Amino acid sequence: MKQRVQPRTLFICLSLLCLLAVWLSLALGPVSLPLFDTLRAGLRLLGLPIAADGLQQAEMILGQIRLPRTLLGLAVGAVLALSGVAMQGLFRNPLADPGLVGVAAGAAMGAAVAIVGGAWFGMPEAFAPYLLSFCAFVGGLGVTALVYRLGRRDGQTNVATMLLAGVAMTALGGAAVGLFSYLADDATLRTLTFWNLGSLNGASYERLWPLLLVAAGVAVWLPRRAKALNALLLGESEARHLGVDVERLKRELVFCTALGVGAAVAAAGLIGFIGLVVPHLVRLLAGPDHRVVLPASLLAGGVLMLFADLAARLLLAPAELPIGIVTAFIGAPFFLFLLIRGRS
Amino acid sequence: MRRPVALLALCANLVLSTQALAAELPQRWVSAGGALSEWITALGGEARLVGVDTTSQHPASLKSLPSVGYQRQLSAEGILSLRPDVLVGTEEMGPPPVLAQIRKAGVQVELFSSKAELSAVDENLEHLGQLLGAEQQASALAASYHQQVEGLQAKVKQAQAGHKAPGVLLLVGHAGAKPLIAGQGTAGDWLLGQAGGRNLAAHQGYKNFSNEALAALDPDVIVFSDRALADEQALQALLKENPALAASRAVREKRLVSLDPTLLVGGLGPRLPATLQSLAANFYPAAKASFAQ
């Protein structure tokens, strides 16, 4: 195997990249603002006393559109990547992604119910977006809880059973979404399709806070369990001998994933590939130690998301690409490249 | 010597006052609705459009304008980058948080009806006329629209006296494969009804039918609308992909009518009366001459 990057170098690079991504995400957009105006508006938003003359537009674009969008991107990317690490650790399989325990399928099912059902029963416009987020979140959490229950027997969680239950529930969720797409009218169908591709478009603070809270919780909690995850790498009984409460760890991993991915999907729709590619990438660069992989994935997830979002909003401006397409287009070839390079 | 100066002053005054009046009306428009863009063009406002959505396909000159994407998936910053004074669209326009952001940025957001009803056309035209400062033109357009559609209905009634209303199916397809059938409550159903056809499909919305179910309905006329191919090619593809259709009365008697799919999206537009006339002429071949006028 090729040599690894020192954790310190990796963290410095990722932090710099993260700052760059945040800056670009605030500075670039279809509306071209003078750099100086962006800076001044940014400083004003931070509460510095700067005269507001001629800054109204910059302040509005920065404060109301780009900043919430950037925060949303960071939080979604970080949560998805962390959940990916949790799942790959839990299943001890680098191909695991957060979809495996059914959270994505559950969320998609919840969203389909909300979009199609909302169109049937006539939802008040003001309430519709919250209903969608709420149903997606509840769907993701509910299906994951079911998968977890199915995997449990005699107080033990069998990971293999859980995996299979997850596959089955994903298939079931897919069928339910298919049924709802069949029943949907044209307009509803397009909404559903776009939701399935994800977007950071239309981010607003009111819908951001719940996700930021969840993301902070997951980001604080999971790295504390890094050592236990390392022990789990050796196998379940070995981890138990090392004094890890394996059942509790599994429960926590599943719960964190369901909560995190549920909240991310509720806020931005289904965004694929981040949860699979980012942890893998970090592991290829820095090795399997979860004390490094977890925080590094958190940063890398946010960075990749912001860059993908930049492409999503700039490539077709003034129109916009769904971000799920961009993450897959960036993520999949990069992943292949790393695979081939790692083998040679 | 005095007179030309006074005249000049008068002219200047006149120009200035009309400019002042015009300044209150929105000058830079983004339209997120196919039919609305057509109406704006019909009212002479095409020069004011600075961006349109992907459903605005007519007239073809609109395609050279910047595209703001699909009407339900607009991007706030993308639209703001066009520095519009007003964004017009139907109630299908969204997502709502983006519209809220656009409003917050000081852009007027005006909503119109996409319902397939004549009253919706009246309201939309009146509203657009006010925004464009072309009220008279708008009311004249609305009046002639009413006249055309009502005149057509009268002719359809006459034709129906001598002829049973034909059973019709509207097939919307993509290169012929797996066409969707327009059911009740769709814009397509409204079109067929207005032109005097009897929609054989009883379901709601647009749905796939099996080949067998298609053949069993045995339509007198098939109206087909293809998003990928044009008239004759679309027909060939449709018949090739759906062999069961070949046995239907419509195909045997060659009563197949092509319909522009852009007519089915985003409410009633200005091209509709002409389309209705040609549909009706195909539904009632005996009375064809009366529809042609």
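The structure is a predicted model.

Chain B is divided into two domains. Domain 1 covers residues 25-140, and domain 2 covers residues 165-292. The centres of domain 1 and domain 2 of chain B, taken over C-alpha atoms, lie 29 Å apart. The two domains touch: 16 residues of domain 1 of chain B are in contact with 10 residues of domain 2 of chain B. On the domain 1 side, helix 2 (34-42) and helix 5 (118-132) of chain B each supply at least two residues. Helix 2 of chain B gives the largest share of that side, with 5 residues. By class, the domain 1 side that touches domain 2 of chain B holds 6 nonpolar, 8 polar and 2 charged residues.

Chain B also meets chain A. Here 25 residues of chain B are in contact with 24 residues of chain A. Helix 3 (76-80) and helix 4 (96-104) of chain B each contribute at least two residues to the chain B side. That side is made up of 12 nonpolar, 9 polar and 4 charged residues.

Seven positions in the helix can be named as buried: B:V121, B:N124, B:L125, B:L128, B:G129, B:L131 and B:L132. They cover an arc of only 160° around the axis, and therefore lie on the same side of helix 5 of chain B. The buried residues of helix 5 pack against helix 2, strand 3 (86-90), strand 4 (108-112) and helix 6 (135-162) of chain B. Just after helix 5 of chain B comes B:G133, which takes a positive phi of about 70°.

In chain A, attention turns to A:G302. This glycine is in helix 13 (residues 290-314) of chain A. A:G302 counts as buried because it has 29 C-beta neighbours inside 10 Å, where 20 or more are required. Leaving aside residues up to four places away in sequence, A:G302 touches A:C18, A:G73, A:L74, A:G77 and A:A78. A:G302 and A:W221 are 81 residues apart in sequence. In space, their C-alpha atoms are 17 Å apart.

Definitions and conventions:
Residues numbered from 1 in each chain as written. Chains lettered and ligands numbered in written order. Predicted model: local features only at pLDDT ≥ 70, side-chain atom pairs only at ≥ 80, totals over all residues. Domains from an automatic or database assignment. Contact = placed C-beta atoms within 7 Å. Helix = DSSP H or I, 4+ residues; strand = E, 2+ residues; numbered from the N terminus. Nonpolar A, V, L, I, M, F, W, Y, C, P; charged D, E, K, R; others polar. Buried ≥ 20, exposed ≤ 12 C-beta atoms within 10 Å, placed from the backbone. Arc of directions from axis to C-beta.
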